[in-house]
Amino acid sequence: MCNCLDTPDGYDVIPLRNKLAGWLAMKPDMQLTHCIQWKTADCHDRALKFIPHYWDVRATEIEIRRGENLTQSAAASLAKKAFKEKVLVYKTDGKFAGATSKFTGFHYVILLATGGDLKGRGFCVVFDPDVSATEKSREAWASCSKDADLDATKADERILKRMILGEGKDLGPLVRYFYGP
């Protein structure tokens with residue numbers, strides 16, 4: 001299993017960033033804790049209830065089995081017709097796709113897209129709302145949250161941009177790339 005915290009060569013993040021920006025469009029009652037995890041371990045409800053509700057998507061839970069070819073099964077599952085746009089929520093171990101988080105049992109990540117790099121290798125693009133998941137996400141969180149009111153009623157757009165949407169050719173550090181077995 002290999003993973004990547006940086007955008008694979010040849011992958012254009014702009015369409016996904018635009019889709020995420022639409023999903024993250026501020027709803028009056030959306031709080032930062034509805035889409036980013038930093039103080040609680042409630043990844044199940046965040047991935048299967050809050051995020052689908054606030055992003056207006058339909059979430060389907062899938063438990064990952066070791067050795068499963070996720071890029072093929074994910075692409076097929078995402079392509080199935082649905083009234084609402086569909087996201088897959090993977091129940092994983094806490095180390096999925098390069099995570100180094102405190103979670104050792106299970107953890108939930110959201111499949112955002114699939115893609116291919118310049119070498120023709122397929123990968124999954126996953127959103128892991130846990131800010132402790134990687135060193136890169138911990139550093140970004142520390143820098144962008146220090147002056148923010150984390151308990152504000154509305155989600156902080158500056159934090160959402162830094163942690164999820166990113167800039168240039170990269171998405172935020174809560175987005176990772178999984179190449180599979």
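Entry 1. I looked up arginine 121 and recorded it as partly exposed, with a relative accessibility of 39%. I note at the outset that the model is predicted. I then asked which residue meets the side chain of arginine 121 in a salt bridge. The partner is aspartate 117, with an N to O distance of 2.8 Å. Aspartate 117 has 10% relative accessibility and counts as buried, because the limit for that class is under 20%.

Entry 2. I looked up the count of salt bridges and found 5. In general, side chains of opposite charge can pair when their charged atoms come close.

Entry 3. I turned to arginine 176, which forms a salt bridge with aspartate 128; the closest N and O atoms are 3.2 Å apart. Where do the two residues lie? Arginine 176 belongs to strand β6 (residues 175-180), while aspartate 128 sits in the loop between β5 (122-127) and α4 (135-145). The pair therefore ties together parts that are 48 residues apart in sequence.

Entry 4. I looked up arginine 158 and found a salt bridge with aspartate 156, in which the closest N and O atoms are 3.8 Å apart. I recorded arginine 158 as partly exposed, at 45% relative accessibility. Aspartate 156 also caps the N-terminal end of α5. In this cap, one of its side-chain oxygens lies 2.9 Å from the backbone nitrogen of arginine 158.

Entry 5. I then followed helix α5, residues 157-165, and asked which of its residues are buried. They are Ile159, Leu160, Met163, Ile164 and Leu165. Viewed down the axis of α5, these buried residues fall within an arc of 160°, so they line one face of the helix. Just after α5, I found glycine 166 with a positive phi of about 65°.

Entry 6. Last, I looked up how α4 and α5 are placed. Two packed helices are described by the angle between their axes and the distance between the axes. The axes of α4 and α5 come within 10 Å and cross at roughly 160°. Since angles over 145 degrees count as roughly antiparallel, I recorded α4 and α5 as roughly antiparallel to each other. I noted the crossing in which α4 passes α5 as right-handed.

Methods:
Residues are numbered from 1 along each chain as its sequence is written. This is a predicted model: local features need pLDDT of at least 70, side-chain atom pairs count only at pLDDT 80 or more; totals for chains, interfaces and linings use all residues. Side-chain values use heavy atoms; hydrogens and water are left out. A salt bridge is a side-chain nitrogen of Lys or Arg within 4 Å of a carboxyl oxygen of Asp or Glu. Buried means under 20% relative accessible area, exposed over 50%, partly exposed in between (1.4 Å probe, protein chains only). Helices (H or I, at least four residues) and strands (E, at least two) are DSSP runs, numbered from the N terminus. The arc is that of the directions from the helix axis to the C-beta atoms. A polar contact is a pair of N or O atoms within 3.5 Å; within protein, one must be able to donate a hydrogen and the other to accept it, and residues adjacent in sequence count only if both atoms are side-chain atoms. Axes are lines fitted to C-alpha atoms, for helices over the stretch in contact, and angles run from 0 to 180 degrees between N-to-C directions. Angles under 35 degrees count as roughly parallel, over 145 as roughly antiparallel, 65 to 115 as roughly perpendicular and the rest as oblique. A crossing is left-handed if the near helix is turned anticlockwise from the far one by less than a right angle, and right-handed if clockwise.
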